[in-house]
Amino acid sequence: MIAQIVARGEDHFMTDVQAQWAAEMGLIRIGEAVAKIPVSVRGRFGDQPWRQIIDMRNFAAHRDDDLDPHRVWRTLTRDVPRLRDYLADEVLPAL
């Protein structure tokens with residue numbers, strides 16, 4: 001879903017509240033999934049900002065009226081792809 005939102009482009013995202021809400025839900029789900037990774041496993045991969053990912057989830061879930069769509073867009077286009085690649089290349093092969 002996040003890839004589909006990003007594929008439509010930043011201009012579309014900034015004007016489409018439905019896309020913004022869907023993206024925020026995606027970030028919430030990512031944060032919830034990361035929070036379920038055992039601390040011992042996250043500790044083995046300390047070069048990821050696990051706490052920030054979980055904190056972004058909490059912020060999106062509880063402060064949605066303060067969530068800046070530009071910040072969400074940066075997260076979708078910069079941080080989510082990095083996390084996806086890191087999980088695929090480093091974490092999953094090591095488990």
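What radius of gyration does the protein have, and how does that agree with a compact globule of 95 residues? The protein comes out at 14 Å, which agrees with the value near 12 Å that a compact globule with 95 residues would have. Keep in mind that this is a predicted model. On secondary structure, the tally is six helices and zero strands.

**Fold and dimensions**
- Going along the sequence, you read the pattern α-α-α-α-α-α.

**Packing and contacts**
- Of the 95 residues in the protein, 34% count as buried.
- Take the contacts with a separation of 6 or more: 63% of them are between residues 24 or more positions apart.

**Surface and charge**
- The protein has an accessible surface of about 6,200 Å², and carbon and sulfur atoms account for 52% of that.
- On the charge side, there are 13 positive and 15 negative side chains.
- The centres of those two sets of charges lie 6 Å apart.

**A look at P81**
- You'll find P81 in helix α6, which covers residues 69–94.
- Leaving out residues up to four places away in sequence, P81 touches T75 and L76.
- P81 and I30 are 51 residues apart in sequence, and their C-alpha atoms are 12 Å apart in space.

Methods: Residues are numbered from 1 along each chain as its sequence is written. This is a predicted model: local features need pLDDT of at least 70, side-chain atom pairs count only at pLDDT 80 or more; totals for chains, interfaces and linings use all residues. Side-chain values use heavy atoms; hydrogens and water are left out. Helices (H or I, at least four residues) and strands (E, at least two) are DSSP runs, numbered from the N terminus. The radius of gyration is taken over C-alpha atoms; the globule rule is 2.2 Å times the number of residues to the power 0.38. Buried means under 20% relative accessible area, exposed over 50%, partly exposed in between (1.4 Å probe, protein chains only). Contact means heavy atoms within 4.5 Å. Accessible areas come from the Shrake-Rupley method with a 1.4 Å probe; for residues, only the protein chains shown count as cover. Lys and Arg count as positive and Asp and Glu as negative; His and the chain ends are not counted. The place of a charge is taken as NZ of Lys, CZ of Arg, CG of Asp or CD of Glu.
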